[in-house]
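Please open the structure in your viewer and keep the selection tool at hand. This tour goes from stop to stop, saying what to select and what is there.

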Amino acid sequence: MKHTIDQQLIAANSDSNHANEKFVARTMQAVAKVGTAETFNNLVPKDSVIKKETLRMKVHNLRLRFNSLPRAVAIAIIIGSTGTVGAAAYATYRWIVPKVTITNVQQNNDDNKKQYTVNSQCGDFRSGKALQYEISKSSSLTDQEAYKVFQNTCAYDALATFMGTRWPSDDGANKKVGDVITQYNYLNTFAGSTAANPIFGLTIGKVTAISPTTVTFSTLLYSVDNSAHADPSKPYRDYYPNGKEFSRTLMLAPNVEVWANGQQIKLADVKPGDTIQVVTRTQNKIQYYEDIKQNALGEQITFDVAGIIKTDIDTKYVADDAAQIGDPKIVNALAGIGPCDGNPQYSCVSVSNQAFGIVYGHDDSPAQDKLNKYLRKDITDDKKVKYFRLHGRVTAINGTHVTLETRGKKASFTVDLPYDAIAEYNQPKPVVTDLDRSRALGVTTGDLIEVVYGQTTEENHLAIKPGDLELFAVIEQTQPDGSLAKY
Amino acid sequence: MMNENEIINAIRDGADRYEELVKRYHVGLIIHSEQLVGGRDDAEDIAQEAFVRAYLQLEHFDSDKARFSTWLYRIATNLAIDHLRKQKHKVQVADIELLAEATMPAYIEEEEKLQIHKAVTGLMPPEYRKAIEAYYWHGKSYQEIADEAGVPLNTIRTWLRRAKLQLKEELS
């Protein structure tokens, strides 16, 4: 296989020992940190796959280096919780469950799929404006399940809006601490990442225990801890395909606010079995995404819950890719339908992260020549050139010339690829992961393709030239049995 | 240079030698990550986390299935995907696999290395050579190279792009 210039240059680097010494030092500090970490405690899943005990025992020399940190460092980053939040000033904000109704069900839309028209008070998911959705051909989603997705996703979005209003976040909080404590910067990056452990982003679940000072809740998280499947043989994005229960215990602030149905209630009104959303804070700063779990000595940092919202949200039906709480088999089966960008007379679908790029231009990829040279260079400089999007099914592939039909067969359009990308993509590929299995199917007639391109408003939008192309990606694939799958 | 599996086995036996692997692969891994997420800071965070994750999982690493570097880059790719997902970059997240392939580690013979070094040495104007060496071999960011050269950052991008076109012709 021919290597790219980037690959060749990187491989030709015969001695990088002194290249970026700061990075190496910082990384080794981080390695030392996790090598000595003792206290994941209740932060790890019940049947944690992280087995670092054996290795940890072997890195005593790193431990020594780490333990030499001044004690003051550890003390300095213990998180306090002495502040108060005045509820009265915010009393006008209410968390009220929005209503969602399905106003129409169409058994076969113009793409031969079941379609729902939804009336919602909180907008839709995925597609921005449209309130129409269709079910993937490969899904057996019921009307009731579809409704649950609409309702729970809408409620979840509205809940996030309420939280953001009632407890505004302060991004500066972490930075202030980080400026003082070097180690904290690392922790903020590593421990704060849901990639490191999905529980770091877990803030909603069913209460399993609650006292005046602590609350424990648990929920199912689905797949998506991509980083955890360090073993290449593990299927991509399929790590917890049936969900995995995670549990978390948090301290409660002395003046924790508890809300339900738009009203403040007492903490005693929260019982085991209730579903709650928590708002956490450190040093009296609200933080939604950057939970810090350990200090520089590997001790767990206590941070507290400033707010609890009781909710009826069924997390399994929440279509929020980042939250990881929705069952992908359910929520990914629904695609939003809306007008295509720049081509409003045609419809496009909005799906989760399931498309495969075949060709695309990308001006931010200086190292990849192939990807660079197809994007029109004047697209950002010349205001007359705009982005357009089309979705269409492949009706013919003739080398680099591809003919497609828009959804509903309203129009035919063509794409001239800058090189024989489909033949290249359709080369046999090794199948190791689930992702590989879909990629190995290649591109063929009947597949639904997303095309993003740049043209002037005067050009023919239905004839896309190689230089116009920003993206040519597969959204829906023809399976070996002739059925359609993906998204 | 010592075989990476020998280093890994030594670490498994208690030797404090993980730094050797970090030194060996960090430049390429940062570049790989930068290709995927765009920003240098994010790329370094991802590369660092990939090293940490690899370290934690090192006892499960199977050299029969993949080289350490391939495995390491794979972890970084997944971290980059997570990073983009958190930012709700939908299309880019799916397409990242395509980008990732372009900078996955390659294994070349010593003779080819010499050819590459020779080609880099012959780059004209000399600024191109300096930019290539600084970015690909010395682990410097675009900004650092630009600061040292006293030119705008975009000039460095241009130099690198043109330098690689020259190299492509020279090495093809």
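What you see is a predicted model, in which local features need pLDDT of at least 70 and side-chain atom pairs count only at pLDDT 80 or more, while totals for chains, interfaces and linings use all residues. Residues are numbered from 1 along each chain as its sequence is written, chains are lettered from A and ligands numbered from 1 in the order in which they are written, and side-chain values use heavy atoms, with hydrogens and water left out.

**Stop one: chain A**

Select chain A, which has 12 helices and 20 strands; helices (H or I, at least four residues) and strands (E, at least two) are DSSP runs, numbered from the N terminus. Of its 487 residues, 55% are buried, where buried means under 20% relative accessible area, exposed means over 50%, and partly exposed lies in between (1.4 Å probe, protein chains only).

**Stop two: a sheet**

Still in chain A, select the five strands of an open sheet whose order is β1-β2-β3-β11-β12, with antiparallel pairing; two strands pair if DSSP finds at least two bridges between them. Which strands stand at the edges? They are β1 (100-106) and β12 (343-350) of chain A, and because each has a single partner strand, one side of each is left without a neighbour in the sheet. Now select β11 (residues 334-340) of chain A, which pairs with β12(A) in the antiparallel sense over 5 bridges, and look for A:Ile337, whose bridge partner in β12(A) is A:Val349.

**Stop three: salt bridges**

Select A:Arg407 and A:Glu134, which form one with their closest N and O atoms 3.3 Å apart. This pair links distant parts of the chain, 273 residues apart, since A:Arg407 is in the loop between β15 (401-406) and β16 (412-416) of chain A, and A:Glu134 is in strand β3 (residues 132-135) of chain A. A:Arg407 counts as buried because its relative accessibility is 2%, and A:Glu134 counts as buried because its value is 0%.

Next, select A:Lys113 and A:Asp111, whose side chains meet in a salt bridge (2.6 Å, N to O) and which are both buried. For another setting, go to chain B, where the side chains of B:Glu148 and B:Lys140 meet in a salt bridge (3.4 Å, N to O); B:Glu148 is exposed, with a relative accessible area of 57%, whereas B:Lys140, at 23%, counts as partly exposed.

**Stop four: nonpolar cores**

A nonpolar core is a set of buried Ala, Val, Leu, Ile, Met, Phe, Trp, Tyr and Cys residues joined through side-chain atoms within 4.5 Å. The largest one has 67 residues, and those with the most contacts inside it are A:Leu9, B:Tyr18, B:Phe68, B:Ile132 and B:Tyr136. Helix α2 (residues 18-37) of chain B gives the most to this core, with 10 residues. Apart from it lies another core, of 29 residues, among them A:Leu202, A:Ile276, A:Ile308 and A:Ile309.

Technical notes:
Salt bridge = Lys/Arg side-chain N within 4 Å of Asp/Glu carboxyl O.
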